[in-house]
Structures are given as structure tokens and as C-alpha cells.
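Student: I've got a protein model to look at and I'd like to talk it through with you. Can we go step by step?

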Amino acid sequence: MIPRVPLLPTAFLEPRHEEIVAFARSELAVPLTQLDDAFAAGRLDEDGAARAAVKALAGTRLLHEAVLGEARSLCVARREVAWISGFADCLLALQGLGSCPIRLAGTDAQKRRWLEPAAFGAAIPAFALTEPEAGSDARQLKTLARRDGDAYVLDGAKTLITNAGIADYYCLFARMAEDGRHVAFVIEAGTPGLVVARRLAAMAPHPIGDLELKGCRVPAEQRLGVEGGGLDLALATLDRFRASVGAAALGLALRALGEGRAHLRRRRQFGKALADFQLLKAQLAEGFVALELAHLAVLRAAWLTDRAAAPAHGAGHAADRAAAAAASSLAKLEATEAAQGIIDRAVQFHGGRGVVKGSVVERLYREVRALRIYEGTSEIQKLILARELLQGSLAGEG
Ligand SMILES: Cc1cc2nc3c(=O)[nH]c(=O)nc-3n(C[C@H](O)[C@H](O)[C@H](O)COP(=O)(O)OP(=O)(O)OC[C@H]3O[C@@H](n4cnc5c(N)ncnc54)[C@H](O)[C@@H]3O)c2cc1C
């Protein structure tokens with residue numbers, strides 16, 4: 001493996017976060033790389049590889065922290081796993097994202113039944129919000145839930161749902177048929193009326209597909225939170241994970257920077273190493289600067305999220321939560337856009353070899369693309385930040 005480009009130290013991380021880094025590097029790099037290789041060689045299909053990735057993460061502190069721990073632990077875990085394998089990062093992220101609505105709004109019984117197994121890798125969750133007619137505008141959900149005695153009956157469709165088909169349960173968002181209020185449920189795979197309508201093939205491997213709900217009867221005790229609380233719950237979940245998408249992008253970009261640096265040192269043209277050309281040196285330095293700045297933005301967002309949640313700081317203080325949310329939007333936007341540029345440049349450093357399948361930078365180029373789209377596109381992050389600026393509500397302003 002090509003040596004890593006080291007990141008400069010920051011004040012945001014503590015020894016417990018460094019332990020996660022050390023564990024990922026020493027214990028996960030080999031098994032997750034072997035898994036990617038087995039998948040690439042066709043010895044595992046996508047579902048098999050996805051389950052194997054969760055199995056490789058099962059029981060690790062890294063997975064437990066990503067599901068139940070702090071935002072900084074989640075970000076560090078995603079950065080490190082994405083450096084090794086973008087595919088494994090998707091699975092790690094979804095263990096957290098798919099179970100987070102239960103963490104935030106579940107009853108003790110729901111937590112015992114669904115959240116804890118996700119934290120130990122014994123269950124695979126999914127987060128089912130997006131619909132054919134409701135993407136960026138999640139308010140417009142068309143999936144309807146009708147109360148019927150001690151249950152709800154759901155009808156509708158979901159699209160682009162990660163883990164569709166391999167999930168053991170879905171945290172799914174709908175609206176009340178009676179009055180349009182948003183509501184959330186946890187629904188077990190195999191529940192009659194819930195079907196995986198189709199699997200989708202993404203440009204980089206990613207277990208993803210569409211769901212259909214036809215007269216799907218869900219016991220009332222599987223509702224998450226209150227009727228009318230579904231949208232807030234979905235948005236709170238996304239707020240919590242947004243900075244970690246930036247962290248994953250940084251993991252991919254850091255890998256690309258290392259690959260690019262190694263190639264510049266190794267490859268000779270015009271009688272000297274590529275690393276001796278000023279133009280390419282400048283591009284390498286620019287990539288490093290962009291990565292470092294985005295890294296600071298991600299860790300600051302995670303630190304603010306942890307601070308807003310800390311009891312000592314008066315957990316739930318509205319101004320702290322707002323600052324954390326704005327910083328998370330900024331971090332996701334900055335890190336995913338920067339990572340795309342850094343990886344593109346690493347492909348360019350490699351010349352023609354950079355676009356040949358099987359090269360690391362070619363894989364990274366495909367893997368990074370979706371991160372600018374899911375969990376709120378770059379445009380939506382800009383709209384969020386512009387709204388905060390125009391309302392004068394950034395960090396308690398106004
Ligand atoms: C790999 C992958 C995994 C995913 N996993 C999940 C999952 O597990 N669960 C889930 O629920 N969803 C998932 N999604 C869906 C994802 O969240 C949506 O794709 C995303 O929210 C954008 O919605 P959309 O695709 O409908 O695009 P649209 O909302 O139709 O947007 C299309 C384009 O228009 C732009 N746009 C939209 N509105 C505005 C506006 N007001 N101003 C300016 N520009 C605008 C967008 O930025 C985008 O560029 C996943 C997507 C991908 C690619």
C-alpha cells in the first residue's frame with residue numbers, strides 16, 4: 001500500500017479518537033482491502049460483499065462508536081474506513097444513519113430491539129426517506145400512513161435507498177393520510193406489503209434500490225416518536241450525519257493525494273521525475289491545502305455537534321444546535337467539493353493510467369461522486385447557509 005499523507009494535528013481530537021484511528025489502520029486495512037479485492041475479482045457479489053463488510057466491522061469499537069458515540073468518533077471512523085474502502089464506508093455510515101432515528105426518538109424497547117443490534121453489526125438498517133417525487137424537498141413525501149386500530153397501513157414508494165434488499169429493517173418516513181403530518185416507523189424486512197421493487201446499479205458499488213409499500217401493516221408500537229414529528233426526526237438524523245459525509249470524502253481524497261504524490265515521485269518524463277515540474281508541485285500543494293482546510297471544517301462541525309450534545313454545556317441549547325447545523329452544512333459542502341477536485345487532480349497526475357479500471361484513483365473518482373448528492377446536495381447546503389446568513393441567525397447573530 002502507498003504510504004499515507006499525514007494530516008496536521010488539530011485541537012479537535014482527543015486520545016480516544018486517536019485510538020479509533022490506530023485500530024482502523026492496524027486491524028481493518030487488511031481485511032477490508034481483501035474484501036474489496038474479492039468483490040472486484042467476482043468472488044463476492046454486491047450483497048455478499050456488503051454483508052461481509054458489516055461482518056468485518058461487527059464487534060469493533062469503531063462501529064459501536066459510529067452508531068452510538070460522538071460526532072467526532074463517527075467522523076474519524078468514516079475518514080479512516082473511507083481511506084481503506086469507499087464501499088465499506090457506505091456500510092459503516094448506514095449502520096449509523098439507518099438506526100439514528102431510533103437513537104433519537106426510539107423507546108427503550110425499540111432501542112433494545114433494533115438500535116443495539118445495529119451497533120454490534122448483528123442487524124443491517126436502512127434510512128428510507130427519498131421518493132420518486134420527493135428528493136431535495138423531503139416535505140413532499142407521497143407515502144401515506146393510515147391509522148387502522150392498533151396499527152398503521154402504509155402505501156407508497158421509496159427510491160435510492162441504500163441497503164434496500166439487504167437491510168434487516170427500514171426507518172421509513174411517511175405522512176398521515178388524514179392531515180399530511182410527517183411520521184416515522186421502523187419496519188422489519190419481510191413485513192407483508194413491503195417489497196424491494198428493484199435494485200439500482202450505481203457508478204461505484206453501493207447496495208441501493210427502490211421500495212414499494214402496498215397495504216403494509218405496521219404495528220403502532222413501531223412508530224418512531226410522535227405523529228407530526230417525522231420530518232424533524234429525518235432532518236435531525238441528517239444534521240447528525242452531514243459532517244461525516246465530508247469526513248468520508250476526506251478519507252477518499254487523502255488516499256488520492258497519497259497515490260498522486262507517489263506517482264509524481266515515481267514517473268519520469270522529459271528526463272526527470274514528474275515531481276520536479278513546478279506546475280505539478282503547485283497542484284500537489286493546492287490539493288494538500290484544500291484537504292487540510294476541509295479537514296478543519298469537518299472536525300470543527302463534529303466538535304460543535306458534540307458540544308451541543310454535552311450535558312455540561314446545557315445539552316440542547318438552541319444556539320449551539322444551530323451553530324453545529326450550519327457548520328455541518330459548510331463542512332459537507334466544502335469537503336465533498338474539495339475531495340472531488342483533489343481526486344480529479346490525482347487522476348490527471350496519473351495520465352492515461354488514471355482512467356484505467358483497476359487503478360486506485362479511478363476507483364476513488366467513481367466513489368467520491370455520490371457524496372456531493374446524498375444527504376443534501378451541494379446546492380441544498382448552499383441554500384441552507386444562505387438562509388442562515390440572510391436571516392442573520394448564524395451563531396446567535398441578530
Ligand atoms: C449513492 C446514493 C445513496 C443514497 N442513499 C439514500 C438513502 O439511504 N436513503 C434516502 O432516503 N435517500 C438516499 N439517497 C437519495 C439522496 O438523498 C437524493 O438523491 C438527494 O437528496 C437528492 O434528491 P434527488 O436525487 O431527488 O434530486 P433532486 O432533488 O431532484 O435535485 C436534482 C438537482 O436539482 C438541484 N436542486 C433541487 N432543488 C433545488 C433548489 N431549490 N435550488 C437549487 N438547486 C436545486 C439539486 O441540488 C440537484 O442538483 C441516495 C442517493 C445516492 C446517490
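Student: Let's start with α3: is this helix largely enclosed by the rest of the structure or largely open?
Tutor: Keep in mind that this is a predicted model. To decide, count the buried residues: α3 has eight residues, and six of them are buried. So the answer for α3 is: largely enclosed by the rest of the structure.

Student: Which residues of α3 are the buried ones?
Tutor: A residue counts as buried if 20 or more other C-beta atoms lie within 10 Å of its own. The cover over these residues of α3 includes α1, α2, α4, α5 and α7 (108-119). The buried ones are Leu 62, Leu 63, His 64, Glu 65, Ala 66 and Val 67.

Student: Now helix α1. How far apart are its end C-alpha atoms, and what span should we expect?
Tutor: Helix α1 covers residues 15-40, which is 26 residues. At 1.5 Å a residue, α1 should span 38 Å. The model agrees with that, because the end C-alpha atoms of α1 are 36 Å apart.

Student: Where does α1 have a kink?
Tutor: Look shortly before the proline Pro 31. The kink in α1 is about 55° there. The residue you want is Leu 28.

Student: And which helices do the buried residues of α1 pack against?
Tutor: First find the buried residues of α1: His 17, Ile 20, Ala 24, Leu 28, Leu 32, Leu 35, Asp 36 and Phe 39. Then see what they pack against. The partners are α2 (46-57), α3 (61-68), α4 (71-84) and α5 (86-97).

Student: Which residues does Ala 56 contact, leaving aside its neighbours within four places in sequence?
Tutor: Ala 56 is found in helix α2, and it is buried, with 23 other C-beta atoms within 10 Å. Pro 31 is 25 residues from Ala 56 along the chain, yet their C-alpha atoms are separated by 7.2 Å. The contacts of Ala 56 are Leu 28, Pro 31, Leu 32 and Leu 35.

Student: On to the domains. How far apart are the C-alpha centres of domain 1 and domain 2?
Tutor: The domain assignment gives domain 1 as 125-226 and domain 2 as 231-396. The contact between them takes 14 residues from domain 1 and ten residues from domain 2. On the domain 1 side, those residues are nine nonpolar, four polar and one charged. As for the centres of domain 1 and domain 2, they lie 30 Å apart.

Student: Where does the ligand lie relative to these two domains?
Tutor: Check which parts give residues to the shell around the ligand. Domain 1 and domain 2 both do. So the ligand lies between them.

Student: Which residues are closest to the ligand?
Tutor: In total, 20 residues surround the ligand. The elements that give two or more residues to this shell are β1 (125-128), β3 (151-162) and α12 (378-391). By class, the shell has twelve nonpolar, six polar and two charged residues. The closest are Gly 135, Ser 136, Thr 162, Thr 377 and Glu 379.

Student: What is the phi of Leu 160?
Tutor: Most residues other than glycine have a negative phi. Leu 160 lies in strand β3, and it is buried, with 20 other C-beta atoms within 10 Å. Although Leu 160 is not a glycine, its phi is positive, about 60°.

Student: Where is Glu 375, whose phi is positive too, at about 60°?
Tutor: Glu 375 is not a glycine either. With 22 C-beta neighbours inside 10 Å, Glu 375 counts as buried. Its place is in the loop between α11 (360-369) and α12.

Student: Is Gly 209 buried or exposed?
Tutor: Gly 209 is found in strand β7 (residues 208-219). Among its contacts beyond four places in sequence are Ile 161, Ala 164 and Val 196. Gly 209 has 21 other C-beta atoms within 10 Å, so it counts as buried.

Student: One last one: which residues does Glu 367 touch, not counting those up to four places away in sequence?
Tutor: Glu 367 lies in helix α11. With 28 C-beta neighbours inside 10 Å, Glu 367 counts as buried. The residues touched by Glu 367 are Gly 86, Ala 204 and Leu 252.

Note on methods. Residues are numbered from 1 along each chain as its sequence is written. This is a predicted model: local features need pLDDT of at least 70, side-chain atom pairs count only at pLDDT 80 or more; totals for chains, interfaces and linings use all residues. A residue is near a molecule or strand if its C-beta atom, placed from the backbone, lies within 6 Å of it. Helices (H or I, at least four residues) and strands (E, at least two) are DSSP runs, numbered from the N terminus. Ala, Val, Leu, Ile, Met, Phe, Trp, Tyr, Cys and Pro count as nonpolar, Asp, Glu, Lys and Arg as charged, and the others, Gly among them, as polar. Domain bounds come from an automatic or database domain assignment. The expected span of a helix is 1.5 Å times one less than its number of residues. The bend at a residue is the angle between axes fitted to the seven residues ending there and the seven starting there. A residue is buried if 20 or more other C-beta atoms lie within 10 Å of its own, exposed if 12 or fewer, and partly exposed in between; C-beta atoms are placed from the backbone. Two residues are in contact if their C-beta atoms, placed from the backbone, lie within 7 Å.
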